[in-house]
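Colleague: Could you take me through this model, starting with how its helices pack?

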Amino acid sequence: MSWHSPHVQVLVSDTSVLIDIQRASLLPRIFDLPYEFIVPDVLYETELLDWMGPELVEMGLGVAELDADETRRATLLKREQARLSTPDVFAFCLAAERGWTLLTGDGALRKEAHRQKLDMHGVLWLFDELENHEVCGVDLLCAGLETLKNHPRCRLPTKEVNTRLARYQR
């Protein structure tokens, strides 16, 4: 089903990005950016439905079903790259097959996107976009990024995080 505007860049997100943005208390704000956020139905049903799925859909998250060819590609990729989760390969193939951009914080998925030359961004790019589009003030961005940086499961590059924090605090 094609419900997105052809003039809006579509971002296919994995779960890790949404979790990080939620930890930073910026989740509703990303839907104010000029992008369409989508997840594959498999990812939604297995990872988001019981977490915040309905609220995310209400905020503007789209859920897309892969067609037969996209599903076949995801199955093959999962066989080739066993370290990638099933929801991640579905997100990857949805983005790759439809010419959309992948949003991921997963190291193995980022590596695969790089290998296949798939357009991809991560959490820090979203922070930059929130700043560039003036969706929220630098005080909120700074607080959110500090929270992420101090979280025990933070895997963001320290140097890039500190560069942004210094910019927000100016």
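Modeller: Let us begin with one term: a crossing is left-handed if the near helix is turned anticlockwise from the far one by less than a right angle, and right-handed if clockwise. By that rule, α3 passes α6 in a left-handed crossing. The model is predicted, so local features need pLDDT of at least 70 and side-chain atom pairs count only at pLDDT 80 or more, while totals for chains, interfaces and linings use all residues. Residues are numbered from 1 along each chain as its sequence is written, and side-chain values use heavy atoms, without hydrogens and water.

Colleague: At what angle do α3 and α6 cross?

Modeller: Helix α3 (residues 41-48) and helix α6 (residues 86-98) cross at roughly 150°, and their axes come within 8 Å. That makes α3 roughly antiparallel to α6; angles under 35 degrees count as roughly parallel, over 145 as roughly antiparallel, 65 to 115 as roughly perpendicular and the rest as oblique. Axes are lines fitted to C-alpha atoms, for helices over the stretch in contact, with angles from 0 to 180 degrees between N-to-C directions. Helices (H or I, at least four residues) and strands (E, at least two) are DSSP runs, numbered from the N terminus.

Colleague: Which residues in α3 and α6 meet?

Modeller: From α3, V42, L43, T46 and E47 meet T86, P87, F90 and A91 of α6, where contact means heavy atoms within 4.5 Å. By class, the contact of α3 with α6 has five nonpolar, two polar and one charged residues. Ala, Val, Leu, Ile, Met, Phe, Trp, Tyr, Cys and Pro count as nonpolar, Asp, Glu, Lys and Arg as charged, and the others, Gly among them, as polar.

Colleague: Now the sheet: what is the order of its strands?

Modeller: The sheet is open, with five strands in the order β3-β2-β1-β4-β5 and parallel pairing. β3 (62-64) and β5 (120-121) are at the edges with a single partner strand each, so one side of each has no neighbour in the sheet. Two strands pair if DSSP finds at least two bridges between them.

Colleague: And how many bridges does β1 make with β2?

Modeller: Four bridges join β1 (residues 9-13) to β2 (residues 35-40), and the two strands run parallel. Within them, V10 has E36 as its bridge partner, and V12 has I38. Helix α6 packs on this sheet, touching β1, β2, β3 and β4 (101-103), and its direction makes about 135° with that of β2. Three bridges join β1 to β4, also a parallel pair, and there L11 stands opposite T101.

Colleague: Is β1 mostly covered or uncovered?

Modeller: Mostly covered, since four of the five residues of β1 are buried; buried means under 20% relative accessible area, exposed over 50%, partly exposed in between (1.4 Å probe, protein chains only).

Colleague: How do α8 and α9 pack?

Modeller: Helix α8 (residues 123-132) and helix α9 (residues 138-150) pack at about 165°, with axes 10 Å apart. They are therefore roughly antiparallel to each other, and their crossing is right-handed. V123, L124, F127, L130 and E131 in α8 meet V138, L141, G144, L145 and L148 in α9. This contact has eight nonpolar, one polar and one charged residues.

Colleague: What does F127 touch?

Modeller: F127, in α8, is buried at a relative accessible area of 0%. Not counting residues up to four places away in sequence, F127 touches I21, A24, L26, L141, G144, L145, L148 and Y168.
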